[in-house]
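Work through the exercises below with the model at hand. Try each task before reading its solution.

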2 protein chains.
Amino acid sequence: MSITVVGSIAYDTVTTPFGERDRMLGGAAVHFALAASFFEEVRVVGPVGEDFGEHELDVMRNRGVDVSDVERIPGGKTFFWRGKYGWDLNSRETLDTQLGVFEGFQPKLSQASLDSDVLFLANIQPDLQRDVRAQLPNARFVALDSMNLWIEAARDSLVKAIKECDCLILNDSELRQLTGKASIYAAAREILEWSPPHPRVIVAKQGEYGAALVTNEGFFSLPAFPLERVVDPTGAGDTFAGGFVGYLAAHSDQEYSEELLRQAMAHGTALASFNVEEFGTDRIEKLSGGEIVARVRQLREFTQFSAAAEPLRD
Amino acid sequence: MSITVVGSIAYDTVTTPFGERDRMLGGAAVHFALAASFFEEVRVVGPVGEDFGEHELDVMRNRGVDVSDVERIPGGKTFFWRGKYGWDLNSRETLDTQLGVFEGFQPKLSQASLDSDVLFLANIQPDLQRDVRAQLPNARFVALDSMNLWIEAARDSLVKAIKECDCLILNDSELRQLTGKASIYAAAREILEWSPPHPRVIVAKQGEYGAALVTNEGFFSLPAFPLERVVDPTGAGDTFAGGFVGYLAAHSDQEYSEELLRQAMAHGTALASFNVEEFGTDRIEKLSGGEIVARVRQLREFTQFSAAAEPLRD
């Protein structure tokens, strides 16, 4: 059961309180793929320019990621982002964005990528997301991410894209913006009712606070793994998505039960917590499966309590 | 085992997306006391003006709260706050603050209040907190809250006050401000080491995201209870503190184990979620113990997952 991810492959120049790093490998599809590779075979579909290095492709290949659908555009330049984080790492400023080859991106999927039964549509123009989604009509699980730009500039297309997928993964502020509802829970409930049974899973990413899961069966919330030091939050959301979708893909013999989705949330959360410990993809490149399993166990310890049944004073 | 709370008793005029309410009963000590009254006898110490009504005292009396240390200042006016919340209820603007009798507040504790073995020092000037704390040298559990104002204007006094208590309950942004640490977890760990064994419990309030608990034994995080509609967030933090400290007071025959603290967090979280469902104290006034127990059980359902033990692809 392989996973296809369509999205950006980028160079990121990032300044955080812990230093500055120039032209690191980044992009949503990359962060997603590296995380998902701990669970399943992953195929990356996305464009790069002539400036894109073999070393960067090797980072993905070393994790078993199939890069044969990474399209090198002659004369083009790889998507570039430069940003700076504030002292508490919760605010960030974009200093430069050069779309490069990402501007005219038309995803081209090989037969192998079309045969994947799990698809992740990273944050790209929603009409492109719909186009790709239509090419995998039999995919067993399709998730998509988006951003405020598309909510503002292409809301109708985005709503259609969401209605064609199984799972929406979005920042909580974007869920608010998309629905006009102040309560994340109410926002998610509304989206679940747009076009039942699609989507049937809503994940609200909450940054340093963790993530919440809303389905027709229930509600689940998981904090971020507590860290003494966050070095670089770039890509945390896509790494979370890679862990979440990757875990589901590895268990697609099972129904997408509430329990399975919760375990997937825990794996996504663990992966994201490793991602932010070092710049770019540094930490995930040297991560082991055993470390992920251990962190999922710790997350469980950090969230369990027994409910006392004693009566209270009325 | 009774609880003494020292803090503000107020009139609040509040505008939220769901309407405006004029001169509602409010104040940290009031919200705390009403919540804690579900677990233990509570004594309120705080000043009111001549404008303070018998009806407002009855709201507390009806929940069994002892108001004999509520001091009525002749010719004085009760603390007044007016504020307006933004559409998503996470930002608020203070439009008016009239300290009134709260300005020269010198807490006077009756022998019964001095005999309490649990003390909550709501947000007041830290030297006053220290003065009260010194009057209850044998209290079994002392918790305090504070705010950004005192971190800026009286940091040294606040640090001394914190070192004399068992438990610090603070907003996460204030924990950052107090320590200069970006990570809430690192901030809490630092405060635990200021003057061991005091404080030994740190609670980070995270607003709509819930709350986290940091002790020398462990870390625990609990989301806020998911609500479709938040009507008025005023007093949620103090209501949380009332449920948390109240639960601990009701179990002060036990050691303050990690498990007991986690259950207390769940009860505080449940109480806070009721508080925000209606304006002011309206919801808590008609709340039943059974509703709290049911919501704690739901919180448990919303946070549990099983940790799969299978190996991952390295």
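**Exercise 1.** Decide how helix 1 of chain A and helix 9 of chain A lie relative to each other: roughly parallel, roughly perpendicular or oblique.

Solution. This is a predicted model. Step one: take the angle. Helix 1 (residues 28-36) of chain A and helix 9 (residues 236-250) of chain A pack at about 40°, and their axes are 7 Å apart. Step two: apply the cut-offs. Angles under 35 degrees count as roughly parallel, and 65 to 115 as roughly perpendicular. Helix 1 of chain A and helix 9 of chain A are therefore oblique to each other. The crossing of helix 1 of chain A with helix 9 of chain A is right-handed.

**Exercise 2.** Find residues that make this contact, then sort the contact by residue class.

Solution. Helix 1 of chain A contributes residues including A:His31, A:Phe32 and A:Leu34. From helix 9 of chain A come, among them, A:Asp238, A:Gly242 and A:Val245. By class, the contact has 8 nonpolar, 5 polar and 1 charged.

**Exercise 3.** Describe the side of chain B that touches chain A.

Solution. Count first: 46 residues come from chain B and 47 residues from chain A. Helix 8 (184-192) and strand 13 (219-222) of chain B are among the elements giving two or more residues to the side of chain B. Helix 12 of chain B gives the most, with 8 residues. The side of chain B divides into 25 nonpolar, 10 polar and 11 charged.

**Exercise 4.** What relates chain B to chain A?

Solution. A rotation of 180° with 0.0 Å of shift along its axis superposes chain B on chain A, at RMSD 0.0 Å. That is the relation of a two-fold axis. Now check the surfaces. 100% of the interface residues of chain B are also interface residues in chain A, so the copies meet through the same surface.

Note on methods: Residues numbered from 1 in each chain as written. Chains lettered and ligands numbered in written order. Predicted model: local features only at pLDDT ≥ 70, side-chain atom pairs only at ≥ 80, totals over all residues. Contact = placed C-beta atoms within 7 Å. Helix = DSSP H or I, 4+ residues; strand = E, 2+ residues; numbered from the N terminus. Nonpolar A, V, L, I, M, F, W, Y, C, P; charged D, E, K, R; others polar. Least-squares fit on C-alpha atoms with pLDDT ≥ 70 in both. Axes fitted to C-alpha atoms, helices over the stretch in contact; angles between N-to-C directions. Parallel < 35°, antiparallel > 145°, perpendicular 65-115°, else oblique. Left-handed = near helix turned anticlockwise from the far one by under 90°.
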